[in-house]
Amino acid sequence: MRNAREYNFDGLVGPSHNYAGLSFGNVASFSNVRSASNPRLAALQGLTKMRDLAARGFAQAVMPPQARPNFRLLRSLGFSGTDADVLAQAWREAPVILSCAWSAAPMWTANAATVSPSADTRDGRVHFTAANLNNKLHRSEEHAQATRTLRAIFRNHDHFVVHDPLPSTPAFGDEGAANHTRFAANHGAAGVEFFVYGRVEFDPSAPFPKKYPARQTLEASQAVARLHGLDPARTVFAAQNPDVIDQGVFHNDVIAVGNGNVLFYHEEAFADEASTIDALRRSVAGVGADFVPVRVAGAMVPVADAVASYLFNSQLLTKTDGKMALLVPHECRENAAVSAYLAGLVASGGPIDELLEFDLRQSMRNGGGPACLRLRVALTDDQAASMHQGVIMTEALYAQLVGWVERHYRDRVEPKDLADPQLALECTAALEALEGILGLPGLYDLS
Ligand code: SUG
């Protein structure tokens, strides 16, 4: 067992954060469509979470935003002329496509990739596969910059492999770590990787949701496990309950979160709860850990409350005393059922004995809670020392990034602003400056 820590790579909210209602099946995204956003506040809320976790001694890093608007997408769809012409034409003829080109969705880095730590992989390297996110137009091109960013941060081939995304076709719908977690005695020990899928492409008899799309397929999860060289005896695949997808659980991380030997989940999360828990218990015993399911009954917290409050889209963090803290959004306190449940949870004498609460409302209004905002990367000390150091959160980086946000971000973006060529220029200037702050020249193709 090697000394390892889990780094949370939080997405830095981009300067074009906006509410476009692009994610059918994501209740918050649909409810807040076309309302005004506050990119500056959104970025500062995210940075506060990063800074506070770093200050508490958790390993914290930042994942840069992506370049917006995506002119390549707009031009590939026939909008032409100068950049200003492209924006004006798209605004006139296809405002939804225009919002897709401006989407700030890469802030939810849980969807950037699936990550397997070296303790789980055949070649002893950390494996990443950028998610193709092919279910939604506005997310379907994120993988290009995500791959480029991961390769810039994790450059050392002795330690890291960043795979290309899976083929971008419905059979391989892949939403990254939002449907993946791992269990292990500690972050450096051999673990069990757990993949949850919503649909099986090549088995028409498998259950699927009727109302909302299932974004992750079994075939995609299996392909990622193969690419990463995972041991089949330490890999568990489970079907998500299609009925909860139809209630707004568009990713499994809206209804379950795992950490260490603990799975915190809602009783309705999986299509077959008993066999899923049994498979995990056996597999986790195989790596020498005692699996601890923390099951939340629907009588305590109905699925609708879980979706509204994002109770399960929380971060479960192991503290130095071995106990765990649950990091939840403010919305959990505002929901009576959830708030009562949480008070009982931390007093129960179980593995979770502390609540951390953050205001992430700007992100929550688009259906992105604390867990969506971070990509977990467990790294040994050697691996951590060999990744790019400029993204590690420190007080100094925090101060620089706050200054940068205050200089470059607007405090209000409404739908009509997406036609404004000046906003595009501001976004480019912001990213040019960010390359310097993070020490990653050439991170973006800003030509
Ligand atoms: O893919 N929302 C994102 C939220 C992603 C949350 N991530 C996790 N659960 N890990 C999505 O649905 C909304 C964009 C808009 O409507 O403007 C959006 O893309």
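## Around the ligand and between the helices

Of the 22 residues around the ligand, the ones that come nearest are Leu-22, Ser-23, His-138, Arg-139 and Asp-253. Please keep in mind as you look around that this is a predicted model.

| Residue | Protein atom | Ligand atom | Distance |
|---|---|---|---|
| Gly-21 | backbone N or O | oxygen | 3.0 Å |
| Asn-26 | polar side-chain atom | oxygen | 2.9 Å |
| Asn-366 | backbone N or O | nitrogen | 3.1 Å |

On its own, the ligand has 480 Å² of accessible area, and the protein covers 99% of that.

Helix H2 spans residues 39-55 and helix H15 spans residues 395-408; their axes come within 10 Å and cross at roughly 175 degrees. Because angles over 145 degrees count as roughly antiparallel, H2 is roughly antiparallel to H15. On the H2 side, the residues that meet H15 are Arg-40, Ala-43, Leu-44, Leu-47, Thr-48 and Arg-51. Their counterparts in H15 are Glu-395, Tyr-398, Leu-401, Val-402, Val-405 and Glu-406. Sorted by class, this contact holds seven nonpolar residues, one polar residue and four charged ones.

H15 also packs with helix H16, which covers residues 421-438. Here the axes come within 11 Å and cross at roughly 170 degrees, so H15 and H16 are roughly antiparallel to each other as well. From H15, the contact draws on Leu-397, Gln-400, Leu-401, Trp-404 and His-408. H16 brings Ala-429, Ala-430, Ala-433, Leu-434, Ile-437 and Leu-438. By class, the H15 and H16 contact has nine nonpolar and two polar residues, with no charged residues.

What is the arrangement of H4 and H5? The axes of helix H4 (residues 83-93) and helix H5 (residues 95-102) come within 6 Å and cross at roughly 130 degrees, and H4 and H5 are therefore oblique to each other. Leu-87, Ala-90, Trp-91, Arg-92 and Glu-93 of H4 meet Pro-95, Leu-98 and Trp-102 of H5. This contact of H4 with H5 counts six nonpolar and two charged residues, and no polar ones.

The loops have some backbone details to visit too. Arg-68 and Pro-69 are joined by a cis peptide bond, with omega at about 0 degrees. Pro-69 sits in the loop between strand E2 (60-63) and helix H3 (71-76). Arg-34 is not a glycine, yet it has a positive phi of about 65 degrees; you will find Arg-34 in the loop between helix H1 (27-31) and H2. Leu-133, again not a glycine, has a positive phi of about 45 degrees, and its place is the loop between strand E4 (126-130) and helix H6 (142-153).

A last stop is His-187, in the loop between strand E6 (180-183) and strand E7 (192-197). Leaving aside residues up to four places away in sequence, His-187 touches Ala-4, Arg-5, Glu-6, Arg-182, Asn-259, Thr-318 and Ala-378. Thr-318 is 131 residues away from His-187 along the chain, while their C-alpha atoms are separated by 9.5 Å.

Conventions:
Residues are numbered from 1 along each chain as its sequence is written. This is a predicted model: local features need pLDDT of at least 70, side-chain atom pairs count only at pLDDT 80 or more; totals for chains, interfaces and linings use all residues. Side-chain values use heavy atoms; hydrogens and water are left out. Axes are lines fitted to C-alpha atoms, for helices over the stretch in contact, and angles run from 0 to 180 degrees between N-to-C directions. Helices (H or I, at least four residues) and strands (E, at least two) are DSSP runs, numbered from the N terminus. Angles under 35 degrees count as roughly parallel, over 145 as roughly antiparallel, 65 to 115 as roughly perpendicular and the rest as oblique. Contact means heavy atoms within 4.5 Å. Ala, Val, Leu, Ile, Met, Phe, Trp, Tyr, Cys and Pro count as nonpolar, Asp, Glu, Lys and Arg as charged, and the others, Gly among them, as polar. A residue is near a molecule or strand if one of its heavy atoms lies within 4 Å of it. A polar contact is a pair of N or O atoms within 3.5 Å; within protein, one must be able to donate a hydrogen and the other to accept it, and residues adjacent in sequence count only if both atoms are side-chain atoms. Accessible areas come from the Shrake-Rupley method with a 1.4 Å probe; for residues, only the protein chains shown count as cover.
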